[in-house]
Amino acid sequence: MASTAQPVAPGITATKKPHRSTGPSGTTPPRAPAREARRIPRFVWALPPVAVLALVFLYPLALVVQQSFSPDEGGTSIAPYGDVFASESFRSALTTTVWLAVGSTVGCLVLGFVLAMVIAFVPFPGGRAVAKFIDVFLSFPSFLITLALLFIYGNVGLANGVWTDLTGASKGPFDFLTTPWGVLLAEITYFTPFVMRPLLAAFSQLDSAQLEVASSLGARPARIVRQVILPEALPALAAGGSLVLVMCLNEFGIVLFTGAKGVTTLPMLVYSKAILESDYPAACVVAVVNIAISVGLYSLYRMVSRRVGA
Amino acid sequence: MTGGERSVRSGIRFDQVSVAYGGNTVLDRLDLTVEPGEVMALLGPSGSGKTTALRAVAGFVQPASGRVYLGDRDVTGLPPHKRGIGMVVQQYALFPHMRVQDNVAFGLKARKVAKDGIPERVAEALDMVGMAAYAKRYPRELSGGQQQRVAIARALAIRPGVLLLDEPLSALDAQLRSGMLAELARLHRELPDVSILYVTHDQVEALTLADRIAVMDKARLQDCGTPQDLYRRPRTEFTASFVGNANLLPVTVADGADTVDFAGRALDVPTGEVSRGATATLCVRPHLVGLGDGPNALNGTITEVQWRGSTHRLYVDIDGHRVKADLKELRETPALGDRVTLHFAAEDAVLLPAGAAEGAGGGTDG
């Protein structure tokens, strides 16, 4: 507790600094601020934002990391890591998280590419409205999609209701929402627009004359998609895909809302360790692993996107 | 050469081709034949329907009525990739992620030309436009003129019977343009069997390159003929003013032989088939108008003087009608408001019967 007080003090003094320095500039003649600015080194101006950032963001992060090295028995050791890495629940959560994220990303890329191409290149009435709706969709909370899917495929949802009404059976055939496939479906549904957004932007830059010239040269639509559209969409695909991959790795709401008991991802594991089992060191270890994967993927994405010239 | 290229044939024929977007007719019953090996320029202002006509040949717009033929084959319902046409557009449209050689090879691969023959054909096409040294470059590493050469090589590599050029020089600056114009003329001499449809709004390009010019305006063919024919003997007012920017004066054919009445003055002009007493339009090119007294003298007041280096352009008001005269650079620049006399030779004038303003293009091809 005492340790939290230390950063607070510099934080407060730091935020006050701009007030103090802007104060005299309003009352003194115009020359004064220039002279003052010359006396104060540039880096001083960077201190307040850096201090605020450190306080509200980096410090809690550091606490999480610190906690992950502090087993309940006291002291500092890597024992929590050993324990967590050895546990079956962590390994299966890691596997589940990675394959769900990779699967959702691949699904989003394929579905997003096809949908974006239809919206961009096949003129149909309402196409513009659909493109607009995709922007709105990005602002929806992720659990909303899961809730909507529950209404359709849930045990008492639309699809099962129609089935039981028609056949007189007591249960409908759709029972996949609480399985990993339900999570996969929900994640693909929710994250596909995140791939489509950069793709639509890229397609709007693409010169339609290129497509026309390609077809006049004898290329069928499939060849045009493969050799003209796809190469030019690669940076957008890389950008959208890596964004979705990171977001899927960290997705919490969708997994929680499907109520899939068997589907434990890393964020779910953090939640259950911290809130349900009060095992903070283990929760923090999982969190650190999650952060490491996210940061690693992000760096990879930056490297890739620089390579392809995005 | 290869079996897959038998679809290549030369010559284009429009048979009553109409194109409409919504309720808006953008091409109205076009009848036009481009002979094998002929360069036909489609000349007109923007919105005249010339680009639409080209796109109908390429297969990018579907005619509302009428047929399009390549050679003797009806291609009206054929998708673009089955037409075997070479196409070059204003903004080059090179594939940015492919090297120059891959751009040129694209059509050959798409048309399933035997793999071992492709490098040779790419080299041949690049040689033809003088770009062989740039085969390994990317389009972004080339200038506009070089990119357009590559685009032409790409279109020629598939050895098309028909080459469509859609404002190919409009994105280039003036100096490059005249160089490329000469280049295109040379290419056509080297490929005498290829029919070229050349869409442009620039009369110099059309006059320089074309065997025949089809003048388009308001979705319709206005006139069609050889460049000399259209320039010296325009059949419509639109052709006269769009090609060569002619003076157009309203006249009435007088009773005397080869005499017309212009604002109370009698002028000697060959009246041809225009009947006596009829109203008509007198057409004289600005550079054929002379300063000073002479045959067909006209007095007027100078309203504007433009110095254009080697020439002076005078705008002279003659009883409310504005006459343009392009004169070899004058030693003494005339002042605004000066009274001057202009004249022109009878054989330099063309008389257009009234009603020739529009839509006279119906049967002019051939």
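This is a predicted model: local features need pLDDT of at least 70, side-chain atom pairs count only at pLDDT 80 or more; totals for chains, interfaces and linings use all residues.
Me: What makes the confidence in chain B what it is, on average?
Reply: pLDDT is the predictor's confidence in each residue, from 0 to 100. On that scale chain B averages 89, and 94% of its residues score at least 70. Residues 1-7 of chain B stay under 50, and residues 357-366 of chain B also stay under 50.

Me: How many contacts does the model have for those two stretches of chain B, residues 1-7 and residues 357-366?
Reply: Two residues are in contact if their C-beta atoms, placed from the backbone, lie within 7 Å. Beyond four places in sequence, the model has seven contacts for residues 1-7 of chain B and 20 for residues 357-366 of chain B.

Me: What is the mean pLDDT of chain A, and which of its elements has the lowest?
Reply: Chain A has a mean pLDDT of 81, with 86% of its residues at 70 or more. Elements here are DSSP runs numbered from the N terminus: helices (H or I, at least four residues) and strands (E, at least two). Over residues 1-30 of chain A, pLDDT stays under 50, and the model has 18 contacts beyond four places in sequence for them.

Me: What gives the domains of each chain their bounds?
Reply: The bounds come from an automatic or database domain assignment. For chain B the assignment gives domain 1 (3-232) and domain 2 (244-353), whose centres, taken over C-alpha atoms, are 39 Å apart. For chain A it gives domain 1 (2-68) and domain 2 (83-307). The contact between these two domains of chain A takes four residues from domain 1 and six residues from domain 2.

Me: What makes up the contact of chain B with chain A?
Reply: The contact takes 18 residues from chain B and 16 residues from chain A. Strand S6 (85-89) and helix H2 (100-110) of chain B are the elements that give two or more residues to the chain B side. That side has twelve nonpolar residues, five polar and one charged, where Ala, Val, Leu, Ile, Met, Phe, Trp, Tyr, Cys and Pro count as nonpolar, Asp, Glu, Lys and Arg as charged, and the others, Gly among them, as polar. The predictor gives the complex an ipTM of 0.82 and a pTM of 0.76.

Me: Why are H3(B) and H4(B) called oblique to each other?
Reply: Axes are lines fitted to C-alpha atoms, for helices over the stretch in contact, and angles run from 0 to 180 degrees between N-to-C directions. Helix H3 (residues 118-128) and helix H4 (residues 144-157) of chain B pack at about 135°, with axes 8 Å apart. Angles under 35 degrees count as roughly parallel, over 145 as roughly antiparallel, 65 to 115 as roughly perpendicular and the rest as oblique. H3(B) and H4(B) are therefore oblique.

Me: Why are H5(A) and H9(A) called oblique to each other?
Reply: H5(A) and helix H9 (residues 180-205) of chain A pack at about 45°, with axes 6 Å apart. H5(A) and H9(A) are therefore oblique to each other. By class, their contact has 19 nonpolar, seven polar and one charged residues.

Note on methods. Residues are numbered from 1 along each chain as its sequence is written. Chains are lettered from A and ligands numbered from 1 in the order in which they are written.
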